[in-house]
Amino acid sequence: MEHPLTPLLKKDFDFAAALHLLNRAGFGGTPQQVQALVEMGLDGALDVLVEYDTSEPRKPGERSETEPPRDRGPLFANGEFRPDVLREPTPEEREALRRARTQGDEETIARLEAMRQQRERDDRAQLALMQKSWLQRMIETPRPLEEKLTLFWHGHFATGYRTIENSWHMALQNEMFRRYGSGEFQTLVRGIISDPAMLRYLDNNQNRRRSPNENLARELLELFTLGEGNGYSERDIKEGARALTGRTYRGNDFFFDKDQFDAGPKSILGKNGNLDGNAFVAAILERPECPQYIARKFYRFFVNDAPKLSRDGEECVVRLAQEFRRNEGRIRPTLRTLFRSRHFYAPENRLAVIKSPTQLMVQTVRSLGTPPREMKSLIDAGDLMGQQLFQPPSVKGWDGGRAWINTATLFVRQNIVIYLVTGRRPQGFDWSESEMSYDSLPLVEHLRDARGGLETSEAMRVLASFALGGSVAPERLAQLEAFLDNLDSSGRATAITNDRIKALLCLIGAMPEYQLC
Amino acid sequence: MQNTPFTRRLFLQRGCALASLAATVPCFIERSALGVLGNPLLSSNPGVPDHRILVVVQLGGGNDGLNTVIPYGDPAYFNARPQIAVQAPGGTGNTVALQLDQNAGVGLHPAMTSLKELYDEGLVSVVQGVGYPNPNRSHFTSMDIWQTGRLDAKGSGWIGRYFDATCNGTPIPEGSVAVGRTAPLAMEGNIQKPISFENPALFRWLGEDLHGSMKDPYDAINRAGSLAGTPAETQKDFLMRTALDAQVASERILAAVAKQPLVRYPDHALARQLRTVGAMIRDGMPTRVYYATMGGFDTHSAQAGRHGQLLRQVSESVAAFQRDLKEQGNAERVVTLVFSEFGRRVKQNGSGGTDHGTAAPVFVIGAGVKPGVVGRHPSLVDLDQGDLKFGVDFRSVYASLLGDWMKAPADQILRGQFASAGVVRA
């Protein structure tokens with residue numbers, strides 16, 4: 001019997017379907033890249049997109065010398081980034097400070113304080129560099145789903161630099177998401193309760209035997225695994241917090257402080273005994289609410305983020321949760337089933353997700369082939385549009401969907417496309433043309449006839465439909481036609497030029513539909 | 001109706017809600033909006049004085065409160081700050097405080113002559129020793145505490161919650177405007193989201209600057225509302241309606257700031273922001289809360305000259321804004337709060353600066369304030385780890401602004417009972 005996860009018929013994997021897949025499982029691609037996927041067929045395309053190679057052993061700080069930095073291996077490798085920008089004072093410095101304090105040596109105190117402040121400034125600078133590197137990686141990666149999942153988990157296990165103020169801890173966490181993001185969910189959950197950034201962010205470094213802190217236990221249940229009020233009680237939070245006592249960090253490493261661990265008997269989610277953090281996680285992962293909660297989150301991120309799901313949508317979430325459970329929490333085969341399903345390609349789910357600011361920028365570059373321009377400007381624009389990498393607004397992550405859009409962010413969204421297409425800045429009055437020019441003609445090259453001619457209306461229709469993710473309303477085509485007609489009442493056969501495509505792309509980027517993918 | 005261009009403007013003239021919400025607005029709200037037909041100042045709660053406006057000026061970095069409102073009456077002040085102390089009124093030297101309250105022994109930094117004039121006109125309330133328990137000395141965390149109005153620094157902003165609590169479940173178009181790079185957390189509600197822009201000239205599509213031919217097609221695209229055949233309630237429908245809202249808001253704000261102000265503003269960042277705020281108030285925008293920010297107050301070293309310049313800018317900007325409001329005839333409608341995330345250490349450090357501290361004064365300015373110096377200056381000898389102990393909880397100041405000035409349920413918004421600091425006339 002047919003249900004939402006029934007596979008798509010092979011013949012239905014056409015250009016628009018491949019474009020949809022590439023936009024959702026990644027950050028889009030050029031018409032040529034989409035066509036290549038069509039020719040591979042659905043399963044071939046999924047082999048490339050979903051079964052990307054994660055075999056290479058990667059730990060933050062390790063990098064294969066033979067591989068280019070952004071194509072293989074950890075993003076935040078030694079050399080480029082330093083694990084020790086923010087370090088504890090050395091014993092000598094501590095002693096010097098102590099002596100200066102007792103002697104009232106204001107000058108030494110000030111000097112040591114200045115050094116500490118310099119380390120903090122350096123650390124903020126490193127975080128800014130990490131933001132740019134990650135965005136650049138999303139733009140360049142041959143494994144887009146890897147970065148998309150890293151972004152997904154960053155929003156799911158949200159941790160903000162502002163609170164923890166340690167860039168290397170953010171880097172370690174980011175590498176964990178990248179390395180295990182398509183693996184088993186339990187690896188991620190176990191990882192996050194051993195992750196220095198998260199332990200600090202949710203105060204678990206202050207979760208001690210005699211004074212438990214419930215912050216991590218609460219969010220672990222409410223936001224990371226089961227969902228608010230789904231199959232757990234306040235008592236499970238209290239007992240769970242006890243199970244997490246003693247989990248802290250030293251320097252850049254997880255540290256289990258035995259003296260602070262509450263070894264007494266506990267009762268969590270129906271399990272009894274001297275439970276520790278891992279036993280707490282095991283108890284959580286047995287709950288049926290867990291795959292349901294994660295499946296819904298996958299669905300909203302990859303399929304449809306309307307405030308209310310359709311009946312088919314709800315059924316798909318249920319089936320996806322079953323699939324996730326059958327796969328024992330393995331993410332990759334679960335997503336493969338989703339990306340193969342009829343429901344994923346159903347008309348109601350095409351252009352049904354509002355692009356995150358990151359998706360908007362990266363997809364514009366990857367699909368239209370614009371120069372990436374200055375990463376700093378893109379990072380600033382992301383901030384203005386409500387998404388700063390490594391700085392989610394709270395432990396809830398980004399709400400996504402309609403929360404991305406208001407009258408102010410909409411203008412920034414429209415203007416950032418102008419910046420990418422023309423090099424004109426999204427803010428300030430610095431309107432000098434960037435050195436990087438943009439050749440947009442490859443977008444329509446494949447439409448030329450045998451004599452090299454290009455039929456304007458057809459080229460415009462294909463261009464708009466492609467840039468808008470697979471379809472364009474007739475009203476919009478008429479509006480674009482009117483624009484070209486006004487420019488030039490004669491010689492329409494030669495009307496498609498690089499400049500004109502760029503102007504069209506600026507208008508297309510200003511269409512409300514451009515915010516969808 | 002949805003396909004008529006300028007739909008939302010028609011709505012606005014009748015005093016209705018956003019086009020992006022039109023399809024979802026419950027009919028009781030639509031009716032109440034129609035009740036104020038012709039009145040551009042939207043009223044959602046009968047009996048609430050909707051004409052009142054709150055302006056928040058945030059001084060980022062931790063303003064040195066002890067060198068802003070100077071406790072010259074206390075010798076401990078001069079002992080703690082041998083190089084950077086401001087002298088008592090009547091004293092000698094370059095920096096001699098302006099007299100505020102002789103009995104209390106407090107004066108104003110000499111760079112703040114413009115603010116002193118406002119004070120003498122009875123337009124300024126100086127609240128001393130404002131802070132909160134267990135002070136946090138991190139810029140970010142302490143600012144988040146002030147902005148959320150919560151000691152755990154979590155959740156929505158206090159101004160956002162003001163709107164959420166009073167807007168009947170529907171955001172107010174242009175209800176809250178932040179003039180700055182990004183909207184502050186303080187203005188983020190669950191329902192109400194602020195408009196924010198750094199430069200009003202950029203609160204628009206920049207494509208029309210590329211070529212004159214771009215504007216018409218852009219307008220056609222973005223002023224159409226939802227295209228025929230777009231299923232209601234879909235993301236596409238929502239986007240098309242928001243696009244129309246954005247055009248109307250942009251047009252309105254650009255028109256407001258295009259007019260020359262009635263008074264001269266100085267030329268620096270805070271003054272430009274307040275000039276923009278003044279223009280929007282003058283133009284009758286329905287905005288209830290404006291937010292402006294100024295940074296640079298993190299004076300760890302050689303602060304004497306620089307701190308004076310910063311205070312001069314604050315003082316001149318606020319004074320120009322106040323004169324502008326008076327010329328407009330809007331002085332009675334607006335109260336301005338000036339605050340910083342914390343004050344600074346009592347004792348100066350080894351670099352002629354000051355390190356992060358705790359309690360500090362805030363200013364509340366406007367024709368509606370109860371003028372004078374409020375609260376006692378915190379002791380300079382009874383300290384907590386070298387820092388002042390706060391006397392007035394910052395949420396008491398909020399309680400006064402929310403309850404007394406905006407006539408909103410302060411307890412509900414602040415999630416607790418805080419006695420009003422009584423800084424405005426109820």
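How far apart do the C-alpha centres of domain 1 of chain A and domain 3 of chain A lie? In this predicted model, they lie 30 Å apart.

## Domains of chain A

Chain A is divided into domain 1 (10–51 + 288–349), domain 2 (357–422) and domain 3 (441–515). Five residues from domain 1 of chain A and five residues from domain 3 of chain A make the contact between these two domains. On the domain 1 side, helix H1 (residues 15–25) of chain A gives the most, with four residues. The residues on that side of domain 1 of chain A comprise three nonpolar, two polar and no charged.

## Helix H5 of chain A

Helix H5 of chain A covers residues 144–156, 13 residues in total. From its first C-alpha to its last it reaches 18 Å, close to the 18 Å expected at 1.5 Å a residue.

Because 12 of the 13 residues of H5(A) are buried, the helix is largely enclosed by the rest of the structure. The buried residues include Leu145(A), Leu149(A), Leu151(A) and Trp153(A).

## Contact between the chains

Between the two chains, 39 residues of chain B are in contact with 42 residues of chain A. On the chain B side, the elements giving two or more residues are strand S7 (195–197), helix H8 (215–222) and helix H9 (235–258). H9(B) supplies the largest share, 10 residues. By class, this side of chain B has 20 nonpolar, 12 polar and seven charged residues.

## Nonpolar core

The largest nonpolar core has 261 residues. Leu507(A), Leu54(B), Val127(B), Val338(B), Val364(B), Val397(B) and Leu401(B) have the most contacts inside it. H9(B) gives the most to this core, with 11 residues.

For Val364(B), leaving aside neighbours within four places in sequence, the contacts are Ser125(B), Val127(B), Val335(B), Leu337(B), Val369(B), Val423(B) and Val424(B).

## A three-stranded sheet in chain B

In chain B, three strands form an open sheet in the order S2-S4-S3, with antiparallel pairing. Strand S2 (69–70) and strand S3 (98–101) of chain B each have a single partner strand and stand at the edges, so one side of each is left without a neighbour in the sheet.

S3(B) pairs with strand S4 (residues 106–108) of chain B over three bridges in the antiparallel sense. In S4(B), Gly107(B) is the bridge partner of Gln99(B).

Notes. Residues are numbered from 1 along each chain as its sequence is written. Chains are lettered from A and ligands numbered from 1 in the order in which they are written. This is a predicted model: local features need pLDDT of at least 70, side-chain atom pairs count only at pLDDT 80 or more; totals for chains, interfaces and linings use all residues. Two residues are in contact if their C-beta atoms, placed from the backbone, lie within 7 Å. Ala, Val, Leu, Ile, Met, Phe, Trp, Tyr, Cys and Pro count as nonpolar, Asp, Glu, Lys and Arg as charged, and the others, Gly among them, as polar. The expected span of a helix is 1.5 Å times one less than its number of residues. A residue is buried if 20 or more other C-beta atoms lie within 10 Å of its own, exposed if 12 or fewer, and partly exposed in between; C-beta atoms are placed from the backbone. A nonpolar core is a set of buried Ala, Val, Leu, Ile, Met, Phe, Trp, Tyr and Cys residues joined through C-beta atoms within 7 Å. Two strands pair if DSSP finds at least two bridges between them. Domain bounds come from an automatic or database domain assignment.
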